[in-house]
Amino acid sequence: MTTHGLAEKITQKTAVIGVIGLGYVGLPLIRAFTRAGFKTMGFDVDQTKVDKLKAGQSYIKHIDSAAIQKLVNEKQFEPTTEMSRLKEADCIIICVPTPLNESRDPDLSYIVGTTESIAKSLRKGQLVVLESTTHPTTTRENVLPLLDGTGLTAGVDYFLAFSPEREDPGNPNFEASNIPKLVGGHDSVSADLACSMYGHAIVKVVKVSSMEIAEAAKILENTYRAVNIAMVNELKMLYDKMGIDVWEVIDAAKTKPFGFQAFYPGPGLGGHCIPIDPFYLTWLARKWGEQTRFIELAGEINTHMPNYVISQLAEFLNEAGKPIKGSKICILGAAYKKDVDDPRESPSFELMKLLLKRGANLSYNDPHVPSLPKMRHYPDLPAMNSQELNPAFLASQDVVLISTDHSAYDYDTIVKHSRLVIDTRNATKNVKSGREKIRKA
Ligand SMILES: NC(=O)c1ccc[n+]([C@@H]2O[C@H](COP(=O)([O-])OP(=O)(O)OC[C@H]3O[C@@H](n4cnc5c(N)ncnc54)[C@H](O)[C@@H]3O)[C@@H](O)[C@H]2O)c1
């Protein structure tokens with residue numbers, strides 16, 4: 001079986017790697033392939049991002065601008081908005097968004113749009129890999145027909161695989177290159193080519209028997225997190241009532257060396273993946289006449305958490321003889337998790353909405369999010385800039401509400417100067433003095 005020279009190009013690292021979608025997933029992938037010695041091209045519809053990259057500027061906190069500058073200068077990385085140049089890439093990796101639409105059904109329009117762009121210039125000897133998280137059968141049912149529609153045949157003329165991204169932004173221990181990669185091919189030649197390509201850049205490549213296995217495995221990973229987080233969130237509400245500290249309970253349970261993995265409660269789920277991806281499977285299950293009850297229940301509990309936090313906050317303020325209305329409340333953290341600058345699906349926005357609805361005098365601080373971006377689901381949130389945290393400001397607030405436990409915060413100082421700190425993340429666990437001012441929620 002010929003690969004039209006692609007196998008040799010990958011082995012010799014002369015294959016050009018094209019990545020479509022230069023976001024939190026695509027950009028780290030570019031870095032991994034350039035480090036492995038490949039020339040890369042980056043495709044994005046967002047002209048601003050491409051211009052920044054061309055000027056050697058990164059817009060993702062954990063990707064260093066100097067590194068981007070060097071790659072661009074040395075022509076190891078060429079960012080572009082010209083999709084017609086996809087024909088120049090030998091391997092094309094799709095990392096575009098997979099959100100939910102207004103009725104919480106999968107929005108595959110980015111994948112479809114991108115595949116249509118690839119189809120316009122698809123040529124023999126190209127490998128196309130979908131990395132965007134999606135439900136099983138997407139690659140076969142939504143990507144394959146568009147590419148085969150060109151008259152070329154998958155596994156013969158061009159090659160097709162699915163390989164889920166497992167990026168964990170903000171995790172100092174893991175980046176694209178040291179997270180094992182699953183690969184499921186349309187056919188065995190496609191699978192081998194994709195494995196060979198990733199094998200140069202990623203520490204370990206695991207070949208599975210089909211694209212559907214790889215797609216389903218990714219959703220399993222995310223569903224596992226969503227369900228377990230919902231479970232500890234539910235336990236938190238019970239244990240709170242009973243005066244039992246759920247974080248101490250989890251720390252105790254995790255001393256068991258087998259059969260238990262710790263998950264932690266919080267103000268709600270955030271990020272592009274965990275609150276969204278499992279619902280791709282729910283949608284698919286409906287088509288098959290099945291239900292995904294764990295996913296639905298987890299979604300219900302996790303979505304309720306911001307309401308729970310606000311009801312607790314109201315209680316704590318009440319004890320101080322104050323209503324939410326008119327109280328000065330500062331939310332710490334707009335990003336969805338610690339040490340990242342990504343606000344997507346962050347529960348902080350729901351907290352802000354709920355507090356504003358109740359008439360709070362609201363502000364926020366986030367060292368990684370200098371001003372609140374416009375959020376699709378929160379069109380009514382006013383424009384706000386991150387408020388500088390200083391002793392006088394902290395002392396002026398009725399409540400400081402920790403929504404994201406960024407490492408950059410000095411929690412001792414925050415507690416010292418605040419009147420009431422509501423901690424949804426156990427971020428203040430090591431604070432020694434002023435603990436009487438801390439309430440967990
Ligand atoms: N962020 C994560 O931690 C993470 C982890 C694992 C998997 N994923 C999955 O990876 C995929 C991408 O996520 P992300 O976080 O990188 O998203 P992102 O929004 O950060 O980046 C996507 C990029 O794609 C670009 N884009 C949109 N439509 C395009 C098109 N038609 N052609 C070219 N570019 C286009 C956007 O401008 C954007 O720059 C999603 O399916 C997501 O679920 C994300």
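Residues are numbered from 1 along each chain as its sequence is written, and side-chain values use heavy atoms, with hydrogens and water left out. Because the model is predicted, local features need pLDDT of at least 70 and side-chain atom pairs count only at pLDDT 80 or more, while totals for chains, interfaces and linings use all residues.

**The eight-stranded sheet**

Helices (H or I, at least four residues) and strands (E, at least two) are DSSP runs, numbered from the N terminus. Two strands pair if DSSP finds at least two bridges between them. An open sheet of mixed pairing is formed by eight strands, in the order β3-β2-β1-β4-β5-β6-β7-β8. From one strand to the next, the twist averages 25 degrees. Axes are lines fitted to C-alpha atoms, for helices over the stretch in contact, and angles run from 0 to 180 degrees between N-to-C directions. Within this sheet, β1 (residues 17-20) and β2 (residues 40-43) are parallel and share four bridges; M41 in β2 is the bridge partner of G18.

**The five-stranded sheet**

A further open sheet has five strands in the order β10-β9-β11-β12-β13, with parallel pairing. Strands β10 (361-365) and β13 are at the edges with a single partner strand each, so one side of each has no neighbour in the sheet. Direction ignored, neighbouring strands here are turned by 25 degrees against each other on average. Helix α12 (residues 347-357) packs on this sheet and touches β9 (328-332), β10 and β11; its direction makes about 175 degrees with that of β9. Contact means heavy atoms within 4.5 Å. Strands β12 and β13 run parallel and are joined by three bridges, and the bridge partner of I422 in β13 is R439.

**Helix α9**

Helix α9 (residues 246-253) has V246, W247 and I250 as its buried residues. Seen down the axis of α9, these buried residues fall within an arc of 100 degrees, so they line one face of the helix. The arc is that of the directions from the helix axis to the C-beta atoms. Buried means under 20% relative accessible area, exposed over 50%, and partly exposed in between (1.4 Å probe, protein chains only). The packing partners of the buried residues of α9 are α8 (211-242), β12 (421-423) and β13 (438-440). At the start of α9, a side-chain oxygen of D245 comes to within 2.8 Å of the backbone nitrogen of W247. A polar contact is a pair of N or O atoms within 3.5 Å; within protein, one must be able to donate a hydrogen and the other to accept it, and residues adjacent in sequence count only if both atoms are side-chain atoms.

**The ligand site**

The ligand is surrounded by 26 residues, of which V25, D44, K49, T98 and R344 are the closest. A residue is near a molecule or strand if one of its heavy atoms lies within 4 Å of it.

| Residue | Atom of the residue | Atom of the ligand | Distance |
|---|---|---|---|
| V96 | backbone N or O | oxygen | 3.4 Å |
| T114 | polar side-chain atom | nitrogen | 3.5 Å |
| R344 | side-chain N or O | oxygen | 2.8 Å |

**Single residues in loops**

C95 lies in the loop between β4 (91-94) and α5 (109-121) and is buried, at 9% relative accessible area. Not counting residues up to four places away in sequence, C95 touches V19, I20, G21, V25, G26, L29, E131 and S132.

Q397, in the loop between α13 (391-396) and β11 (399-402), is buried with a relative accessible area of 4%. A polar atom of the Q397 side chain lies 3.4 Å from the backbone nitrogen of I329. Neighbours within four places in sequence aside, Q397 contacts K328, I329, C330, S363 and R419.

F260 is in the loop between α9 and α10 (278-287) and is partly exposed, at 35%. Leaving aside neighbours within four places in sequence, F260 is in contact with I250, A253 and K254.

K13, in the loop between α1 (6-11) and β1, is not a glycine but has a positive phi of about 60 degrees; K13 is partly exposed, with a relative accessible area of 35%. K75 is found in the loop between α4 (65-73) and β3, and K75 has a positive phi of about 60 degrees although it is not a glycine. The relative accessible area of K75 is 62%, so K75 is exposed.
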